[in-house]
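This report describes a protein chain and the ligand modelled with it, going from strand pairing to packing and then to the ligand shell. The sequence and structure come first, and the description follows.

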Amino acid sequence: MIVLADLTKRYGEKTAVDHLSFQIQPGVVTGFLGPNGAGKSSTMRMILGLDRPTAGTVEIAGRPYRDIAYPLRTIGALLDPRTGHPGQSARSHLLGMARSNRLPSSRVDHVLGAVGLAEVARKRIGSFSLGMGQRLGIASALLGDPQIVMLDEPVNGLDPDGVVWIRKLMRSLAAEGRTVFVSSHLMSEMQETADHLIVIGRGALIADAPIDQVIAQSTRNSVKVRSPQTASLREALERAGMTVTTLEDSELQVTAGNLDQVGAIAFSIGAQVDELAFHRPSLEQAYLELTADSLEYDAILPRPTGT
Ligand SMILES: Nc1ncnc2c1ncn2[C@@H]1O[C@H](COP(=O)(O)OP(=O)(O)OP(=O)(O)O)[C@@H](O)[C@H]1O
């Protein structure tokens with residue numbers, strides 16, 4: 001488990017992380033989302049002890065990072081895919097990390113095999129593609145067989161096979177009871193992978209909820225109804241306080257109502273219903289709605305005169 005309490009980071013005037021408090025639970029994949037500049041990398045860097053918080057605390061498995069004797073055995077992380085010296089081989093890079101964390105060299109060969117780099121283990125890191133670098137970063141994260149794994153944009157640079165591979169890997173790490181914390185800008189990928197979401201904007205918490213709940217709370221949940229009597233049906237639905245949009249002559253989209261309610265109203269006015277279907281928005285739609293007020297570039301819009 002990772003516990004953030006009132007975590008804050010300021011860079012001069014800029015508040016990158018603003019009083020963040022949340023817990024990342026074991027046994028599930030927790031997605032970390034937010035627009036560019038929201039503070040995700042700053043938060044992850046503080047979790048790993050790479051940056052000092054201006055205020056607040058982070059605890060990993062009950063302790064601050066600096067108090068963990070062999071960190072790789074507790075938390076494995078991929079923050080920057082360009083790890084290691086370009087002249088070094090993948091294997092010697094991992095051996096160095098293993099040695100400093102008192103891990104057996106057998107772990108190096110194990111993780112190289114697990115990420116599909118066994119055949120290029122003795123090649124220079126400098127000759128690696130972005131996707132290979134990403135796999136090497138994931139190998140480093142898994143080296144100490146940690147209970148907590150944190151990955152910043154792990155699918156960057158991976159081909160479709162690689163994307164499926166990392167999705168399965170994260171799901172299986174969570175199924176083993178590990179804590180998996182992952183950031184990504186790819187909403188479709190998050191929808192496939194994450195169980196729980198933390199969403200931040202301008203450094204502050206926007207959502208901390210199961211993914212289904214985040215989608216269910218979207219105002220874009222709607223009911224589509226097809227009927228030859230859309231005019232009278234529309235009037236009856238609006239009278240009941242629902243918001244109705246006419247999609248086509250014979251099709252209405254209804255928000256603020258559920259299937260049963262829409263069906264009952266149609267029945268009560270004797271309208272014929274040819275189709276009644278619930279439309280669930282994608283995570284991307286729900287996310288865009290959640291973060292609409294938190295985009296960094298809002299901040300550079302001209303202020304209204306007189307303020
Ligand atoms: N070292 C630094 N010095 C000054 N400002 C910084 C520093 N690091 C980050 N920032 C600022 O803090 C804010 C948060 O940045 P951060 O990189 O944590 O966001 P992010 O959510 O990871 O963004 P992205 O999705 O684009 O990677 C941004 O406005 C950024 O410009």
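Val223 stands opposite Val254 in β12, within a model that is predicted. The pairing to which this belongs joins strand β10 (residues 222–226) to β12 through four bridges, and the two strands run antiparallel. Strand β12 (residues 251–255) also pairs with strand β11 (residues 243–248), again in the antiparallel sense, here over five bridges. In this second pairing Thr243 has Thr255 of β12 as its bridge partner, and the link from β11 to β12 is a hairpin of two residues.

Taken together, these strands belong to an open sheet of four, with the order β11-β12-β10-β13 and antiparallel pairing. At its edges stand β11 and β13 (275–279), each of which pairs on one side only, and neighbouring strands are turned against each other by 20° on average when direction is ignored. Helix α8 (residues 230–239) lies across β10, β11 and β12, and its course makes about 160° with β11.

## Domains and overall dimensions

The protein chain is divided into domain 1 (2–210) and domain 2 (222–279), and the centres of these domains, taken over C-alpha atoms, are separated by 47 Å. Along its principal axes the C-alpha trace of the chain spans about 75 × 50 × 35 Å.

The secondary structure amounts to 10 helices and 13 strands, and 35% of the 307 residues count as buried. Among contacts between residues at least 6 apart in sequence, 69% join residues at least 24 apart.

## The six-stranded sheet

A second open sheet to consider has six strands in the order β5-β6-β7-β3-β8-β9, with mixed pairing. Because β5 and β9 (204–210) stand at the edges with a single partner strand each, one side of each is left without a neighbour in the sheet. Neighbouring strands here are turned by 15° against each other on average, direction ignored.

Within this sheet, strand β6 (residues 148–152) and strand β7 (residues 179–183) pair in the parallel sense over five bridges, and Asp152 has Ser183 in β7 as its bridge partner. Helix α1 packs on the sheet, where it touches β3 (29–33), β6, β7 and β8 (196–201), and its direction makes about 150° with that of β6. Helix α4 also packs on the sheet, touching β5 and β6, with its direction at about 170° to that of β5.

## Nonpolar cores

The largest nonpolar core has 63 residues, and those with the most contacts inside it are Ala139 and Met150. Helix α4 (residues 130–142) gives the most to this core, contributing six residues. Leaving aside residues up to four places away in sequence, Ala139 touches Leu94, Val111, Leu112, Val115 and Leu117. As general background, nonpolar side chains tend to be buried together in soluble globular proteins.

Not counting residues up to four places away in sequence, Ala77 touches Leu48, Ala141 and Met150. The C-alpha atoms of Ala77 and Ile148 are separated by 8.4 Å, although these two residues lie 71 residues apart along the chain.

Six of the eight residues of helix α1 (residues 40–47) are buried, so the helix is largely enclosed by the rest of the structure. The buried residues of α1 are Lys40, Ser42, Thr43, Met44, Met46 and Ile47. Just after the helix, Gly49 takes a positive phi of about 70°.

Which residues surround the ligand? The shell is made up of Tyr11, Lys14, Ala16, Gly34, Asn36, Gly37, Ala38, Gly39, Lys40, Ser41 and Ser42. The elements that give two or more residues to this shell are β2 (14–24) and α1, and the largest share, three residues, comes from α1.

Methods: Residues are numbered from 1 along each chain as its sequence is written. This is a predicted model: local features need pLDDT of at least 70, side-chain atom pairs count only at pLDDT 80 or more; totals for chains, interfaces and linings use all residues. A nonpolar core is a set of buried Ala, Val, Leu, Ile, Met, Phe, Trp, Tyr and Cys residues joined through C-beta atoms within 7 Å. A residue is buried if 20 or more other C-beta atoms lie within 10 Å of its own, exposed if 12 or fewer, and partly exposed in between; C-beta atoms are placed from the backbone. Two residues are in contact if their C-beta atoms, placed from the backbone, lie within 7 Å. Domain bounds come from an automatic or database domain assignment. Two strands pair if DSSP finds at least two bridges between them. Axes are lines fitted to C-alpha atoms, for helices over the stretch in contact, and angles run from 0 to 180 degrees between N-to-C directions. A residue is near a molecule or strand if its C-beta atom, placed from the backbone, lies within 6 Å of it.
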